[in-house]
Amino acid sequence: MPSPYRAIFAAPGTLAFSAAGFFGRMPLSMMGVGIVAMVSQLTGRYSLAGWLSATLALSAAVLGPQVSRLVDRHGQARVLRPALLISVAAVAGLLVCAQQGAPNWMLFAFTACAGCIPAVGAMTRARWAAIYHGSPRVLHTAYAFESIVDEVCFIVGPIVSIGLSTVWFPEAGPLLATVFLVIGVLWLTAQRATEPAPHPRTSDSGGSALRSPGLRVLVVTFVATGAIFGSIDVVTVAFAEEQGSKAAASLVLAVYALGSCLAGAVFGLLHLKGEPARRWVLGVCAMAVSMIPLQLAGNLVVLAVALFVAGLAIAPTMVTTMALVEAHVPRTKLTEGMTWTGTGLAVGVSLGLSASGWVVDEYGAGAAYAVPAVAGALAVVVAFLGYRRLRRPVPTREGRDDEHIQDHDEERVA
């Protein structure tokens with residue numbers, strides 16, 4: 001491991017909570033695509049599978065920030081464990097109903113409740129921010145490492161989830177995702193030494209983190225970005241099935257994540273000059289342009305190459321996003337702010353899943369790759385319109401101090 005990455009683990013407990021975070025965020029890559037694989041096998045309907053996955057993503061988008069807001073006020077251990085219990089019970093109900101052929105409304109009801117899944121990635125990033133607050137370069141590397149972990153999850157998760165659901169039994173993918181969630185959350189919340197201190201609500205700390213104009217730009221842009229990710233998952237599974245090798249979809253999606261993983265590893269070693277907002281806009285543009293070659297993919301090999309190239313823009317954009325969130329959101333609401341970006345992605349994923357599932361059913365998988373292309377174009381439009389709001393943080397009274405603003409300015413100049 002390069003020395004900058006070794007350095008971030010110098011603080012006690014960092015390796016342990018990062019390992020727990022890996023298990024806890026595996027469901028992020030496994031659950032949605034696992035539901036698609038499970039329902040499409042049990043019913044043969046991609047549209048229903050897409051709508052259920054969209055329901056999960058939308059539910060997580062609604063419930064996730066509320067859970068994270070409670071975490072900021074009361075601490076991770078006190079909030080995440082009850083949320084975990086609700087999620088596990090809901091997923092268990094979904095799997096039983098799917099296996100027994102229950103009415104669709106029951107599937108949707110349990111799926112909606114399952115959206116209480118804790119945003120483990122935001123919890124681990126909040127721990128890094130608490131430990132390395134005041135060391136922007138080290139924190140940049142830590143955020144890059146977290147993006148690498150995200151992409152490793154997206155490499156391993158779809159392979160395991162789709163593979164188990166197609167080779168073993170349909171419910172195997174979501175079931176294993178739930179097991180990983182239990183392990184990750186219980187292990188993470190057991191580590192109290194690195195848990196960020198809660199910030200109980202006071203008279204001047206009320207309101208949502210979304211009061212920040214910069215955060216609103218990031219969230220809205222990520223709705224379109226999430227539509228890219230969600231539609232690619234569904235369309236790739238359908239495209240692989242049309243090519244006669246549905247199980248190969250997991251490998252193709254893993255290549256997509258591999259490109260992002262490699263780019264994130266390199267990006268974490270760099271200390272780039274210039275404004276983070278400008279780098280972020282360029283990253284969004286690169287993701288949008290990379291969707292164009294997907295329209296020309298005639299087989300799985302060409303598709304895998306195109307997705308690998310497309311993945312190179314993901315992790316650097318995500319790392320820059322976390323830096324912008326930290327700059328625009330008060331520290332007392334940092335976990336909530338990070339979760340709101342995930343919420344934007346989740347809403348976009350839900351839209352991408354549902355839209356692409358409908359297009360696949362109506363026009364076929366080849367035509368459905370137009371969905372991520374349109375989503376990418378919308379992301380670019382929103383990013384350009386909101387660029388001025390992202391150029392500098394907006395100082396607030398809520399949990400932000402002059403030292404933090406100065407640190408951010410030093411990072412911009414470095």
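Select helix α13 to begin: at 1.5 Å a residue, its 15 residues should span 21 Å, and its end C-alpha atoms are 21 Å apart, which agrees. The expected span of a helix is 1.5 Å times one less than its number of residues. Helices (H or I, at least four residues) are DSSP runs, numbered from the N terminus.

The model is predicted: local features need pLDDT of at least 70, side-chain atom pairs count only at pLDDT 80 or more, and totals for chains, interfaces and linings use all residues. Residues are numbered from 1 along each chain as its sequence is written, and side-chain values use heavy atoms, with hydrogens and water left out.

Colour α13 by accessibility. The helix is mostly covered, with 15 of its 15 residues buried; buried means under 20% relative accessible area, exposed over 50%, and partly exposed in between (1.4 Å probe, protein chains only).

Show side chains at the contact (heavy atoms within 4.5 Å). From α11 the contact takes P276, A277, W280, G283, V284 and M287, and from α13 it takes I314, T317, T320, T321 and L324. By class, the contact of α11 with α13 has 7 nonpolar, 4 polar and no charged residues. In this scheme Ala, Val, Leu, Ile, Met, Phe, Trp, Tyr, Cys and Pro count as nonpolar, Asp, Glu, Lys and Arg as charged, and the others, Gly among them, as polar.

**The two domains**

Zoom out and colour the chain by domain. The domain assignment gives domain 1 (1–197) and domain 2 (209–394); such bounds come from an automatic or database domain assignment. Their C-alpha centres lie 18 Å apart. The contact of the domains takes 47 residues from domain 1 and 47 residues from domain 2.

**Helix α6**

Select residues 120–131, which form helix α6. This helix of 12 residues reaches 17 Å from its first C-alpha to its last, close to the 16 Å expected at 1.5 Å a residue. Because 10 of its 12 residues are buried, α6 is largely enclosed by the rest of the structure. The buried residues are V120, G121, A122, M123, T124, R125, A126, R127, W128 and A129.

Centre on L188, in helix α8 (residues 172–189). At 0% relative accessibility, L188 counts as buried. Leaving aside neighbours within four places in sequence, L188 is in contact with F17, A20, Q76, L80, V120, M123, T124 and R127.

Move to S18, in helix α2 (residues 14–43). Residue S18 is buried, at 4% relative accessibility. Beyond its neighbours within four places in sequence, S18 is in contact with F9, W128, F145 and E146.

**Further stops**

Select A61, in helix α3 (residues 46–74). This residue is buried, with a relative accessible area of 4%. Outside the four places on either side in sequence, A61 is in contact with T343, A346 and V347. A line drawn from A61 to V319, C-alpha to C-alpha, covers 20 Å in space for 258 residues in sequence.

Q100 belongs to helix α4 (residues 76–100). With a relative accessible area of 59%, Q100 is exposed. From Q100 to S40 the C-alpha to C-alpha distance is 15 Å, and the pair is 60 residues apart in sequence.

End at A7, in helix α1 (residues 3–8). At 42% relative accessibility, A7 counts as partly exposed.

Terms used: Helix = DSSP H or I, 4+ residues; strand = E, 2+ residues; numbered from the N terminus.
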